[in-house]
Number of protein chains: 2
Amino acid sequence: MSQNTFAERLTAALGPDVVFTRPDDIAPWLADWRGMYKGQAQAVLRPRTTEEVSRALALCQAEGVPVVPRGGNTGLCGAATPDASPANVVLSLDRMNAIRSIDTIANTLVAEAGCILGNLRRAAQEAGRLLPLSLAAEDSSQIGGNVATNAGGVNVVRYGMTRELVLGLEAVLPTGEIFHGLRTLRKDNTGYDLKQLLIGSEGTLGVITAVALRLFPRTDVRTVVLAAVESPAQALSLYERLFQACGARLQAYEFFTGDCLDLVLRHAEGVQEPFAQRYPGYVLMELADTEDEAALTALLEKVIGQALEDGLCLDAAVSASLAQLQALWKLREEISEAQRADGPHLKHDVSLPIETIPAFMESAQQRVRELDPGIRFYIFGHFGDGNLHYNLSRPEGAPREWAARDGARVTDAVLDEVHRYGGSISAEHGIGQLKREHFLHTKDPLELRLMAGIKRLVDPAGIMNPGKLL
Amino acid sequence: MSQNTFAERLTAALGPDVVFTRPDDIAPWLADWRGMYKGQAQAVLRPRTTEEVSRALALCQAEGVPVVPRGGNTGLCGAATPDASPANVVLSLDRMNAIRSIDTIANTLVAEAGCILGNLRRAAQEAGRLLPLSLAAEDSSQIGGNVATNAGGVNVVRYGMTRELVLGLEAVLPTGEIFHGLRTLRKDNTGYDLKQLLIGSEGTLGVITAVALRLFPRTDVRTVVLAAVESPAQALSLYERLFQACGARLQAYEFFTGDCLDLVLRHAEGVQEPFAQRYPGYVLMELADTEDEAALTALLEKVIGQALEDGLCLDAAVSASLAQLQALWKLREEISEAQRADGPHLKHDVSLPIETIPAFMESAQQRVRELDPGIRFYIFGHFGDGNLHYNLSRPEGAPREWAARDGARVTDAVLDEVHRYGGSISAEHGIGQLKREHFLHTKDPLELRLMAGIKRLVDPAGIMNPGKLL
């Protein structure tokens, strides 16, 4: 049958205000935001209800039409961008953006998949609760996409990945059947926990339409310390001390090198050198509590004072106001943008058993230098989770094409080192199209076989997000 | 082929010190500790290594011999007790009891499945860390069984169920293949999270042989409050206030009725009436922190003082010493034993959306009273998680056979009410044999179909723990 006919059947079933087929209308849905991936599609669907999603998927499955679910398009691995097949249907959740409930006794938030994460965070805040999932793209990313990719962010060290915040979810399976798992129960020990398969499945098993999330007490009392360290090993010792002394108050533990700071000071506006001298590395820690700012500051000053005495850091600056707190965070947050301004580069979102980070950094650097001694290292990340953004920029004077030309073998070397240290080639960004080859080569064959079996079980026609992940 | 021949082949493959077949030797492995279930088996295996487990399962799968994994035998649903088939092989993990590592930088503990939970808790404590999983049977239960049943306990309100503590696991699949998922990474976003299927699978998908768990900062500073409340609704309002004000410090929020206290005072030794008068209900709260006992007590006294003023509780006693703290906990901990001493009764481990607890308790009581107005209610549980142990004792003067004779229709009524309120028929004890019928009748058919598909995928010969869960 012709594609045109299928689009017409979609329109007949869902209405012309849900189905878009004009090239101009669908063009914005065919590329990722970084412009790394571009695909094709015969139609874009923008359903308003779970029932419309169900009807759409049933039609697609009946005719074997591939479906690409789309959230806020903030992913870094191309999971929400269609491949080159002109048969694709892109299914956007952006119109399903209602908050269904916020409950301050059960401490739950139930929201449709298309809700913007930042809006949910603000709604929880207004209700007197904290939704701790927080990441750079939170004012564009959608909660359905966050769950489908098991997003991480800056608060994982305290609250865990998105997976740990999900109490329940509603999804439409490729058959059009609705998975009614939108439970808010804190405890439910009745059989295999099927929702776990959908979390982090990157759209390959179905379309998440709504989620139930845990809320936490608001932690409005916050203090930030920027500590200077001589090495990643020292940052580890400092982490051990902080973890022990501050307990659950420790809600961010971010690391960046002196080279990262250099880049930020060069490219970002409104940032200042934090200390009188430059150090090899920096750790940004945030502590937060429900109340009593004086007690929190006193605790932090005591712990940092002892750490300085015991040689666990070289220098430290404690935020004394919200403005100072934000200024210190800005040094960390501007790194990605500063690196972008510096030109094309290679990103590696990897994780390691945290105690191996110093050894990994040394041996990975050696291997990269063997390939090209001029490569510049910009390494930062969620150190408390063992998560490094191990980013590499071209040698001074190298052409802009360097990343495209030499990137593959440099990335191979980095990911091989990660694998050798028992780490993960994707800590928080997922697999998508970007890391599919590395994923298929490094994952245990038994796990790949089980994943493929689950894929066949849930999506027998193989229509969900082809070419991604598996 | 004869069973005897198979046992001989097992012995040839594993050695006579691993395979036990004499009736006297295997008798202790055929019943659950409560004496509710009894089954048969041709052999008991006590392997010492993952490799031995692998060889055993490969042999069993090749000949279609059913395998029943066995941990500490502390489950309440008969999941570790073989059924009536004389072909069963019971596989005990008790000899696999080594702690492989405790890491205070990564904050991880790696242990073999047969380790006793209490021993792991003490080992973590000695290393300066907290393993928060804590439950009545912790000095008998094995960590492999805790993970296989996704155990709960008293600290779930702060730290989550066992599932949330598991970073990785190693398991032997029914084919004998080893699932090498014993990772300690905090972040690993590479495909479907397969270990989630094994957690809570009650031995139906394979044998867990080792686990990697998260550790937390020690919270040695502890305070307990026993508050008297007029109703479950008041207990809810008090919970909302405590959650907001105390944040992560709140690590237990337990409820019990005045009738439960009555039973404890009647049957337990060394317990005292906590207040000058009896109240309708009680809440036991534990707050804990890494340091500064004075600050914790001050916070609690402020919050409880305001709660008393605002009518969120009727009376309150704060522990001023470790002895007082333990005495208050004893009032809660002795309930199960006191009820056992009182005679046969019906246990229901259920969970509810927490905000519905007051309405559920009212309507469930009404339905039970309609069946028999003399039934006595002993209701307690992990209120902060929405988890009630909704236990019922026979009417005064009813024969001991009452539970066996009338139990089924009373349980049907209770679980039907749970279902009506959107709750779970098993909050933390699992399904096993005990709740299998109710599970199969109440679970969504789509979920049951997916679970059956996963079971076929992982255990195509259907040898793992037949008659349990699915």
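Contact, as the word is used in these legends, means heavy atoms within 4.5 Å. The model is predicted, so local features need pLDDT of at least 70 and side-chain atom pairs count only at pLDDT 80 or more, whereas totals for chains, interfaces and linings use all residues. Residues are numbered from 1 along each chain as its sequence is written, chains are lettered from A and ligands numbered from 1 in the order in which they are written, and side-chain values use heavy atoms, with hydrogens and water left out.

**View 1. A:Gly176 in the loop between β8 and β9 of chain A.** Strands β8 (166-172) and β9 (178-181) stand on either side of this loop; strands here are DSSP runs (E, at least two residues), helices are DSSP runs (H or I, at least four residues), and both are numbered from the N terminus. Leaving aside neighbours within four places in sequence, A:Gly176 is in contact with A:Ser54, A:Leu57 and A:Ala58. With a relative accessible area of 11%, A:Gly176 is buried, a word that means under 20% relative accessible area, while exposed means over 50% and partly exposed in between (1.4 Å probe, protein chains only). From A:Gly176 to A:Arg34, 142 residues away along the chain, the C-alpha atoms are separated by 32 Å.

**View 2. A:Arg46 in the loop between β2 and α3 of chain A.** The loop runs between strand β2 (43-45) and helix α3 (50-63), and A:Arg46 counts as partly exposed there, at 21% relative accessibility. Apart from neighbours within four places in sequence, the residues in contact with A:Arg46 are A:Val18, A:Phe20, A:Trp29, A:Ser92, A:Asp94 and A:Arg95. A:Glu333 is 287 residues from A:Arg46 in sequence and 33 Å from it in space, C-alpha to C-alpha.

**View 3. The annotated stretch of chain A, residues 37-218.** An unreviewed UniProt entry lists these residues as "domain: FAD-binding PCMH-type"; the positions are given in the numbering used here, feature names are shortened, and annotations may be inferred rather than shown by experiment. Over residues 37-218 the chain is 21% helix and 24% strand, and the end C-alpha atoms are 39 Å apart.

View 4. Rings of Phe, Tyr and Trp (its six-membered ring) pair if their centres lie within 6.5 Å, and planes under 30 degrees apart count as stacked, over 60 as edge-to-face and the rest as tilted. The pair links distant parts of the chain, 57 residues apart, with A:Tyr159 in helix α6 (residues 156-159) and A:Phe216 in strand β11 (residues 216-217). A:Tyr159 is buried at a relative accessible area of 8%, and A:Phe216 is buried at 13%. The rings of A:Phe360 and A:Tyr390 are edge-to-face as well, because their centres are 5.6 Å apart and their planes are at 65 degrees. Here A:Phe360 belongs to helix α13 (residues 357-371) and A:Tyr390 to strand β19 (residues 387-393), 30 residues apart, and both residues are buried.

**View 5. Helix α16 of chain A against helix α16 of chain B.** The two helices, each covering residues 445-458, pack at an angle of about 145 degrees with their axes 10 Å apart; axes are lines fitted to C-alpha atoms, for helices over the stretch in contact, and angles run from 0 to 180 degrees between N-to-C directions. A:Leu450, A:Gly453, A:Ile454, A:Leu457 and A:Val458 meet B:Leu450, B:Gly453, B:Ile454, B:Leu457 and B:Val458.

**View 6. Helix α9 of chain A and the loop between α9 and β14.** Within helix α9 (residues 258-267), A:Gly258, A:Cys260, A:Leu261, A:Leu263 and A:Val264 are buried, and the elements covering them include β13 (250-257), β14 (281-289), α11 (322-333), α12 (335-342) and β18 (376-382). A:Gln272, found in the loop between α9 and β14, counts as exposed at 66% relative accessibility. When neighbours within four places in sequence are left aside, A:Gln272 is in contact with A:Leu265 and A:Leu331.
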